[in-house]
Amino acid sequence: SEEHGTFTVEYTLPEPALNDSVKLLFEGEATGLTTVTLANVAVGRHAAIVNPADPIEHAEVESSSPLKLKSDKYKLTLSYQDSAGNPQASSSAISLTIDRRCKAGHYASSGGEEPCQEATPGHYVAAVGAEAQLPCLVGTYSSEAAATLCLPSPAGHYAPAASPGAIACPPGTHDPDTHSTSEAACKPDVPGTWSELGASEATLCEPGTYAVEYESHTCTPAELGHFVEVQGASAQRPCAPGTYSNETQTAHCKLAPLDTYALEGAIEPTACPAGTRTLSEGQSECTPVPPAAPATTSGGGSTTIDSTTINNTFLTSTAAPLVRAPAPAPTITGLRIDRTRIHRATLAGATAAKHGAEVSYRLSARAKVRYTLLRSASAHGKSCTGRHARCHTVSALTSATLRAGRQRASLVSILAGVRARHGARHAHRALSPGRYVLQAQALGAAGARSKVASVAFTILAR
């Protein structure tokens, strides 16, 4: 018999026994003799429950010192003396193995036997009968109690010694290897790539987006008037002369339509001035339209043209194309919002005149203003540019032409423009609680535009 816990010994007494004479004798190969006195002395069949950790627990026999049956191979016999005082009698021996050693994943400082403790996270116990747990080696971890082994840190993660879990590489870095031991194994993403927390490899920026710096954890959308044509770009490019882009995150610029032109980096095409035109799409300049030559009729009915008129007509028709010089770009300064934490219910029910936050800035020259509303994935995002920016565009709209000087616009009126252009469903999404960044850019004449100014605010749920 092999016992790992409490077990039962059955025996039969053929006659009454003297009190305290019925004994179980455990003779261990390594531990010697251990005697347990049993309480049942009457004639008949009996059963004794034996707990190796405390053999007298169920024997109902007082003892001045605790007993314990250690893990060993035993010879078990029963002896007693009858009530008449005849010589002591004994049963035949039974082979018995008691195994109280702690199983794998457990340990006991007192000899490696029960009662046992579980190995704590970050540690393991591989063998039975252990007296101590072992810390996981560097590059491995154990996240659960009673672990029998430690797991290798997966790709995109690392583990110092005694780690209760694999630690993810920070955003903007990656690690293709397993068993990494520290954050030093996390490699920085190169420009044109990005990665999230715990990445095993860097991801190329999609067309329409780019990443300028090392360790980017998001890609920046191409700005108005710019494009990114390929994957893995580290910079945006301005639209070529004759093309324009009135959207962010675009991979291609649009051709300027007939009778319009566009300079490099144009946001919108510009109509040709009176008396000029273009002969095809995608032009960066307009050509003068030659006037019709005046005709005179001689007395004989033939048509003649004055030589001065011929010369003027020739000079006009062969003149160099008219090129409009780029207008100076307007500027936006001092962009701010008077309330940075706005309750959604207040904002949804506000009117431009009485409620909501006020956006203000100074405009250097007469221009339209392009508003772009972005949702930030970061709870503390103040900008949607740079290495730590994680934003996506909610919507964009362009104001009417504004005069130079100090400007004030209700945030409600800007979001109302979102509703008007994109419908109630889109407006509801724009008003959902979260962190937002409002960008403003002045659009001057002939495609001139200011640098983008940004201001952050938070919409609260209630």
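**Finding your way around the model**

Across residues 297–323 the pLDDT remains under 50, and the model has 23 contacts beyond four places in sequence for this stretch. The structure you are looking at is a predicted model, and residues 419–430 likewise have a pLDDT under 50, with 19 contacts beyond four places in sequence. For the protein chain as a whole, the average pLDDT is 83, and 81% of the residues score at least 70.

With that in mind, let us turn to a sheet. Five strands form an open sheet in the order β34-β40-β39-β36-β37, and their pairing is mixed. Strands β34 and β37 (391–398) sit at the edges with a single partner strand each, so one side of each has no neighbour in the sheet. On average, neighbouring strands here are turned by 30° against each other, direction ignored.

Now follow strand β40, which spans residues 453–460. Seven of its eight residues are buried, so β40 is largely enclosed by the rest of the structure. Its pairing with β34 (residues 341–343) is parallel and covers three bridges; here H343 has L460 of β40 as its bridge partner. With β39 (residues 434–443), β40 pairs in the antiparallel sense over seven bridges, and Q439 is found opposite S454 in β40. Moving on, β39 also runs antiparallel to β36 (residues 368–376), joined to it by nine bridges. There you can find L374 opposite V437 in β39.

Next come the disulfides. A disulfide is a covalent bond between the sulfur atoms of two cysteines.

Finally, C272 is joined to C286, at 2.0 Å from S to S, and the link is left-handed with -80° about the S-S bond. C272 lies in the loop between β28 (270–271) and β29 (276–277), and C286 in the loop between β29 and β30 (287–288), so the pair ties together parts 14 residues apart in sequence. C272 and C286 are both buried.

Note on methods: Residues numbered from 1 in each chain as written. Predicted model: local features only at pLDDT ≥ 70, side-chain atom pairs only at ≥ 80, totals over all residues. Heavy atoms only, no water. Buried < 20%, exposed > 50% of the residue type's maximum accessible area, 1.4 Å probe, protein only. Helix = DSSP H or I, 4+ residues; strand = E, 2+ residues; numbered from the N terminus. Pairing = 2+ DSSP bridges. pLDDT = per-residue confidence, 0-100. Contact = heavy atoms within 4.5 Å. Axes fitted to C-alpha atoms, helices over the stretch in contact; angles between N-to-C directions. Disulfide = S-S within 2.5 Å.
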